[in-house]
Amino acid sequence: MTMAGTTTLLLVAAALLAASCGAWEVTVDDAVVAPLIHALRPLLGSGRHAGVACDSWRLGVEAYNVRDWKTVPASCEGYVGHYMLGSHYRRDSKVVVDQAIAYVDSLKLAGNGKEVWVFDVDETTVSNLPYYSRHGFGATPFNVTSFNAYAQEGSAPALPETKRLYNKLLSVGIKPVILTGRAEYLRASTATNLGRQGYAGWMNLLLKAPGFKGSSLAFKSSERQKLQDAGYIIVGNIGDQWSDILGAPEGARTFKLPDPMYYIG
Ligand SMILES: *[C@@H]1O[C@H](CO)[C@@H](O)[C@H](O)[C@H]1NC(C)=O
């Protein structure tokens with residue numbers, strides 16, 4: 001936001017506060033106030049973690065400087081919740097997808113049916129906010145039992161920006177490959193969830209086999225290697241975790257969606 005924008009926002013906030021003193025008549029409806037609260041919260045109460053403000057902590061996470069963290073710092077729960085539920089998360093995702101679509105437009109495609117794009121599932125094709133909003137936005141330790149029960153409902157909403165990219169790729173003949181660290185037994189519920197949210201026409205849905213012992217990074221790299229060995233060209237790869245987009249072969253270009261709620265190595 002520009003300085004002028006911030007100033008305007010603060011003036012509007014001051015006007016809303018003044019209105020409650022009866023100085024002027026101002027009609028305040030929730031639709032107007034809610035985005036204002038989301039916009040103001042990071043300015044007024046960003047919270048601190050070990051002396052670092054939550055917005056700086058989030059940047060550290062996104063830039064892969066902060067690694068191997070287990071939970072969102074308790075003092076940042078409110079900050080992360082506002083980030084995820086307000087417009088900021090959507091805006092940040094839009095920047096990523098705008099860049100991805102510009103990249104697709106710049107490609108000279110062979111159009112031979114061998115060009116694929118790898119998509120992660122959680123916080124990439126679909127959003128688990130309905131779950132995480134009930135579990136401290138990542139401030140409480142991950143519970144695989146309750147998360148998998150939620151995943152089995154197949155009710156997670158699509159991330160609209162990712163869907164825009166997905167449809168773009170289909171329209172130019174690049175085949176989506178869905179590659180997720182979810183366990184194999186979640187295949188049916190994951191496929192149902194994706195279908196309900198309008199994702200169709202993928203080439204593969206790859207889930208982690210029961211016996212696989214390694215990290216998410218190792219699993220995903222090995223699956224991409226198999227694609228490449230089978231003659232596919234991975235023209236792009238998008239995920240919310242660094243472990244989605246690191247590890248050869250990564251794909252010709254990678255895109256990192258925001259996720260300040262959890263870390264998977
Ligand atoms: C994890 O979730 C399950 C199912 O909701 C619950 O029974 C269990 O107590 C939870 N475990 C922890 C450590 O909170």
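Guide: pLDDT is the predictor's confidence in each residue, on a scale from 0 to 100. The structure shown above is a predicted model.

Visitor: What is the mean pLDDT of the protein?
Guide: Of the residues in this predicted model, 81% reach a pLDDT of 70 or more. Over residues 5–46, by contrast, the pLDDT is below 50, although this stretch has 30 contacts in the model beyond near neighbours in sequence. For the protein, the mean pLDDT is 87.

Visitor: In which element is the confidence highest?
Guide: Helix H1, residues 3–19, has the lowest confidence in the protein, with a mean of 41. At the other end of the scale, a value of 99 is reached over residues 115–119, which form strand S3.

Visitor: Which cysteine is joined to Cys54 by a disulfide?
Guide: A search of the whole structure finds 1 disulfide. The pair links distant parts of the chain, 22 residues apart: Cys54 belongs to helix H3 (residues 54–62), and its partner to the loop between H3 and helix H4 (77–85). With an S to S distance of 2.0 Å, the partner of Cys54 is Cys76.

Visitor: Is the link of Cys54 and Cys76 left-handed or right-handed?
Guide: Cys54 is buried, because its relative accessibility is 0%. Cys76 is likewise buried, because its relative accessible area is 0%. The angle about the S-S bond is -85°, and the link of Cys54 and Cys76 is left-handed.

Visitor: How far apart in sequence are the parts that Lys256 and Glu62 tie together?
Guide: The structure holds 12 salt bridges. In one of them Lys256 pairs with Glu62, and the closest N and O atoms are 2.6 Å apart. Lys256 lies in strand S7 (residues 254–256) and Glu62 in helix H3, so the parts tied together are separated in sequence by 194 residues.

Visitor: Are Lys256 and Glu62 buried or exposed?
Guide: Buried here means under 20% relative accessible area, and exposed means over 50%. On that scale Lys256 and Glu62 are both buried.

Visitor: Which residues are linked with Arg164 in a network of salt bridges?
Guide: In the network, Arg164 is linked with Arg90, Lys94, Asp98 and Glu161.

Visitor: What is the N to O distance in the salt bridge of Arg187 and Glu184?
Guide: Arg187 is partly exposed, because its relative accessibility is 31%. Glu184 is partly exposed as well, because its value is 27%. The side chains of Arg187 and Glu184 meet with an N to O distance of 2.6 Å.

Visitor: Which side chain of opposite charge is nearest to Arg224?
Guide: Arg224, in helix H10 (residues 216–229), is buried yet has no salt bridge. A salt bridge requires a nitrogen to oxygen distance within 4 Å. At 6.3 Å from Arg224, the nearest side chain of opposite charge is Glu250.

Visitor: Which residue's backbone oxygen does the side chain of Arg224 reach?
Guide: The contacts of Arg224 beyond four places in sequence include Val118, Leu179, Asn237, Asp244 and Glu250. At a distance of 3.1 Å, the backbone oxygen that the side chain of Arg224 reaches is that of Asp244.

Visitor: How far apart in space are Ile234 and Arg224, C-alpha to C-alpha?
Guide: Ile234 lies in strand S6 (residues 233–239) and is buried, because its relative accessible area is 6%. Beyond four places in sequence, Ile234 is in contact with residues including Val116, Val118, Arg224 and Glu250. Ile234 and Arg224 are 10 residues apart in sequence, and their C-alpha to C-alpha distance is 7.9 Å.

Visitor: What is the relative accessible area of Thr125?
Guide: Thr125 is found in the loop between S3 and helix H6 (129–132). Among the residues it touches beyond four places in sequence are Phe119, Pro157, Ile178, Leu194 and Tyr199. Thr125 counts as buried because its relative accessible area is 0%.

Note on methods. Residues are numbered from 1 along each chain as its sequence is written. This is a predicted model: local features need pLDDT of at least 70, side-chain atom pairs count only at pLDDT 80 or more; totals for chains, interfaces and linings use all residues. Side-chain values use heavy atoms; hydrogens and water are left out. Helices (H or I, at least four residues) and strands (E, at least two) are DSSP runs, numbered from the N terminus. Buried means under 20% relative accessible area, exposed over 50%, partly exposed in between (1.4 Å probe, protein chains only). Lys and Arg count as positive and Asp and Glu as negative; His and the chain ends are not counted. A polar contact is a pair of N or O atoms within 3.5 Å; within protein, one must be able to donate a hydrogen and the other to accept it, and residues adjacent in sequence count only if both atoms are side-chain atoms. Contact means heavy atoms within 4.5 Å. A disulfide is a pair of cysteine sulfur atoms within 2.5 Å.
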